[in-house]
Amino acid sequence: MKKITIYTTTYCPWCQATKDFLKQNNYEFEEKNVENNPEWANEMVEKSGQYGVPVIDIEGKIIVGYSPEEIMEAIKGEDNN
Amino acid sequence: MKQGIIIGASAAGLSAAIYLKRQNIDFQIISKDIGGEMALSGIIENYPGFPLTDGVALTQKFKEHIDKYEISVINDTVNALAIEKQNEHQQYFKVITAKNVYTAKTIIIATGSTPKKLNIPGEEKFYHKGLSYCSVCDLPLFKDKVVTIIGGGNSANEAGIMGSRICKQVYVITKNPMMKGDKILIEELKSKANVKIIFNALTQEIIGENFVSGVKYNDLVSGETNYLKTDGVFIHIGLQPNTKFIPPEWNLMNSYGEIIVNELCQTKIPGIFAAGDVTNIPHKQIGIAVGQGIIAGLEAIKFINSLGS
């Protein structure tokens with residue numbers, strides 16, 4: 001299974017929706033709440049080149065915003081590896 | 001054909017759904033998300049029964065409530081509506097979405113609203129490059145930085161207060177001569193040492209290279225153009241009702257794009273009801289959306305029953 005990292009803030013509904021989507025589909029993920037962690041915030045901006053959450057890193061494939069279709073596409077890519 | 005379709009799954013739509021379900025109405029909710037603007041509300045202190053909550057948590061409570069009744073939400077975007085004749089005396093409605101076409105005897109429109117844009121140079125270019133319409137989402141990324149909140153109402157007040165806790169300096173710029181909204185919020189905003197409110201300021205341009213670096217505004221009193229150095233810009237200038245999918249020839253909306261409803265949430269087309277922020281009710285509040293959703297639900301039930309089997 002691919003490693004999934006999600007960068008979030010506490011009150012961001014799209015972050016919550018993304019986490020719910022991953023949980024519903026039984027995908028494990030690491031959450032990095034950037035709110036009180038400038039290191040993670042910088043890491044997120046460096047990876048995505050922007051300041052919006054959520055950012056989802058699926059082994060190098062960066063997705064910005066709540067986008068189940070893109071997440072599924074990135075995860076399903078593992079079958080071809 | 002369903003007896004009813006609810007378009008939208010935030011405070012109004014989900015409240016209507018609970019009432020329809022309890023009357024065993026065969027209905028479907030179609031929505032692009034759950035929670036809408038309610039979920040983006042940040043801290044909420046004026047929804048009765050919840051002295052202190054937030055948009056995500058309150059949305060979760062609504063979700064738990066519809067889950068209890070096994071009400072599902074189809075995740076889809078409604079693109080158009082149409083009216084079809086069932087027979088000489090009766091009509092039904094078509095709901096055309098991105099993925100499907102649904103039919104129903106009655107519709108409740110509860111699609112809420114989305115943040116308005118300034119439509120100025122730099123706004124599109126710097127979206128998510130330091131410019132955002134969602135303070136609760138993205139303000140935490142500007143810890144110890146300088147941000148500018150554009151707007152003069154409650155959303156701007158709330159964003160300014162939130163920003164004061166996170167950022168080094170917050171500018172609030174409004175074209176109005178004073179802030180509008182809840183007095184308690186305005187007083188709190190004014191009391192913050194790191195907040196400066198600039199009145200009579202019409203934003204002209206968002207400046208930057210790769211990311212936002214400043215804001216240009218016109219001082220409406222002196223006529224001068226001024227520049228603010230800023231790392232982030234948050235736009236809160238009001239909301240636009242989500243009514244694009246409604247045929248304009250139906251004439252359901254007023255000049256602000258809001259659906260005109262009476263006290264029973266009826267529109268001018270029998271069988272089409274509307275509730276919440278998408279309507280012309282002046283106060284856009286979660287509590288009011290809930291109440292209107294319930295009215296629309298009960299009236300839709302009455303309408304369905306009046307059609308017979």
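**Two helices of chain B**

Begin by selecting helix H1 (residues 11-22) and helix H3 (residues 55-68) of chain B, whose axes come within 10 Å and cross at roughly 20°; the axes are lines fitted to C-alpha atoms over the stretch in contact, with angles running from 0 to 180 degrees between N-to-C directions. Because angles under 35 degrees count as roughly parallel, H1(B) is roughly parallel to H3(B). Helices here are DSSP runs of H or I with at least four residues, and strands are runs of E with at least two, numbered from the N terminus. Showing side chains next, you will find B:Leu14, B:Ala17 and B:Ile18 of H1(B) meeting B:Phe62, B:His65 and B:Ile66 of H3(B), where contact requires C-beta atoms, placed from the backbone, to lie within 7 Å. By class, this contact has five nonpolar residues, one polar residue and no charged ones.

This is a predicted model, in which local features need pLDDT of at least 70 and side-chain atom pairs count only at pLDDT 80 or more, whereas totals for chains, interfaces and linings use all residues. Residues are numbered from 1 along each chain as its sequence is written, while chains are lettered from A and ligands numbered from 1 in the order in which they are written.

Colour chain B by domain, with domain 1 covering 2-114 + 239-306 and domain 2 covering 117-235, bounds that come from an automatic or database domain assignment. Now select B:Leu118, in the loop between strand S9 (113-115) and strand S10 (131-132) of chain B. Its contacts, leaving aside neighbours within four places in sequence, are B:Glu123, B:Ile150, B:Thr203, B:Ile235 and B:Ile237. The C-alpha atoms of B:Leu118 and B:Ile235 are separated by 7.9 Å, although these residues are 117 apart along the chain.

**Backbone details**

In the loop between S9 and S10 of chain B, select B:His128, which has a positive phi of about 65° although it is not a glycine. B:Cys265, in the loop between strand S18 (239-241) and strand S19 (272-274) of chain B, likewise has a positive phi, near 65°. Finally, move to chain A, where a cis peptide bond with omega of about 0° joins A:Val53 and A:Pro54, and A:Pro54 lies in the loop between helix H2 (38-48) and strand S3 (55-58).

Conventions:
Angles under 35 degrees count as roughly parallel, over 145 as roughly antiparallel, 65 to 115 as roughly perpendicular and the rest as oblique. Two residues are in contact if their C-beta atoms, placed from the backbone, lie within 7 Å. Ala, Val, Leu, Ile, Met, Phe, Trp, Tyr, Cys and Pro count as nonpolar, Asp, Glu, Lys and Arg as charged, and the others, Gly among them, as polar.
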